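The sequence and the model come before the discussion.

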Amino acid sequence: MKIAVFHGSPRKGNTYFATKIFMDELSNCGDVQYTEFFLPGALPAFCTGCTLCLSGLLAKCPNAEYVIPILDTILQADALIFTTPHYGACSMTGAMKNLFDHLDSLVLTVSPRTEIFNKKAFIITTGTGSTAAIKPIKKVLKHWGMNRVSSLGLRMFTNKWDKMKQAKQAKYEKALRRSAQKFYAAKKKAPYLSTIFYYHMSKFILKNFVGEGNYPYEYWKEKGFFKKRPF
């Protein structure tokens with residue numbers, strides 16, 4: 001299994017420690033190959049809002065040298081892991097938000113990729129508002145058409161894992177390992193109802209408000225998305 005891991009912070013604190021436990025258990029389940037991206041190092045430039053990617057010109061993105069290798073890794077992976085500590089202002093880190101800004105063209109209304117419809121993803125967050133950090137990431141991944149998105153938020157009130165009581169450390173490690181086992185074994189399922197709804201909504205918008213000769217209408221037409229649901 002090829003897994004792309006996106007670390008939302010370069011700081012190797014609680015989230016990183018939790019992710020390593022999760023990854024260790026995945027490796028215990030079978031043959032797993034990881035490609036890890038540490039943000040913002042792997043994507044050091046902010047999205048400029050040029051909208052070239054929304055026009056089918058992702059290769060001309062000002063930051064294409066970083067974005068294209070990331071996108072290629074995502075498309076070639078069997079599964080994805082996104083990790084971030086909870087940040088009060090935006091739930092996820094700014095670096096993680098920047099990643100999703102650069103990949104905005106993957107949403108169903110623009111140029112979704114068929115490879116993503118077969119993938120599963122897992123979100124790991126830590127912090128006092130860890131569950132709040134999960135929601136926007138899960139929403140983005142569902143808009144990509146991800147087949148299944150699972151998550152685990154660990155609420156902790158310390159920035160040092162080893163400062164927690166031993167019982168709590170053991171509880172969280174058990175939860176991480178159990179989640180990893182379930183994630184490894186998870187098979188492709190029928191698409192989310194929200195994905196189906198979003199697909200039909202996107203098709204309606206493109207047919208009625210974008211039209212032939214324009215992007216992404218022509219992209220959908222070329223891929224055959226108007227004739228048949230791609231998942």
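Which side chains meet in a salt bridge with 2.8 Å from N to O, Lys97 and which other? The partner of Lys97 is Asp101, a salt bridge being a side-chain nitrogen of Lys or Arg within 4 Å of a carboxyl oxygen of Asp or Glu.

## Basis of the model

The model is predicted, so that local features need pLDDT of at least 70 and side-chain atom pairs count only at pLDDT 80 or more, while totals for chains, interfaces and linings use all residues. Residues are numbered from 1 along each chain as its sequence is written, and side-chain values use heavy atoms, with hydrogens and water left out.

## Salt bridges

Side chains of opposite charge can pair when their charged atoms come close. By the rule given above, the count comes to 6 salt bridges. Lys97 and Asp101 lie 4 residues apart in helix α3 and are therefore separated by about one helical turn; helices (H or I, at least four residues) and strands (E, at least two) are DSSP runs numbered from the N terminus. Lys97 counts as partly exposed at 35% relative accessibility, and Asp101 is partly exposed at 28%, where buried means under 20% relative accessible area, exposed means over 50%, and partly exposed lies in between (1.4 Å probe, protein chains only).

Asp24, Glu25, Glu173 and Arg177 are linked in a network of salt bridges. Glu25 counts as buried at 10% relative accessibility, whereas Arg177 counts as partly exposed at 21%. Arg177 also forms a salt bridge with Glu173, the closest N and O atoms being 3.0 Å apart; because these two residues are 4 residues apart in helix α5, they are separated by about one helical turn. Glu173 counts as partly exposed, with 31% relative accessibility.

The 18 residues of α6 should span 26 Å at 1.5 Å a residue, and the end C-alpha atoms are 25 Å apart, which agrees; the expected span is 1.5 Å times one less than the number of residues. Its buried residues are Thr195, Ile196, Tyr198, Tyr199, Ser202, Lys203 and Leu206. They cover an arc of only 165° around the axis, which puts them on the same side of α6, the arc being that of the directions from the helix axis to the C-beta atoms. These buried residues pack against α4 (130–144) and α7 (217–223), with contact meaning heavy atoms within 4.5 Å.

On the other side of α6, Leu193, Phe197 and Phe209 are exposed. Phe197, found in this helix (residues 193–210), counts as exposed at 56% relative accessibility. Together with Met201, Phe204, Ile205 and Phe209, Phe197 forms a nonpolar patch on the surface, with about 530 Å² of accessible area together. Patches are made of residues with over 30% relative accessible area and no salt bridge, like charges being joined within 9 Å and nonpolar side chains (Val, Leu, Ile, Met, Phe, Trp, Tyr) within 5 Å. Accessible areas come from the Shrake-Rupley method with a 1.4 Å probe, and for residues only the protein chains shown count as cover. α6 is followed by Gly211, whose phi is positive, near 85°.

## Cys90

Cys90 is found in the loop between β3 (79–85) and α3 (94–102), and counts as partly exposed at 37% relative accessibility.
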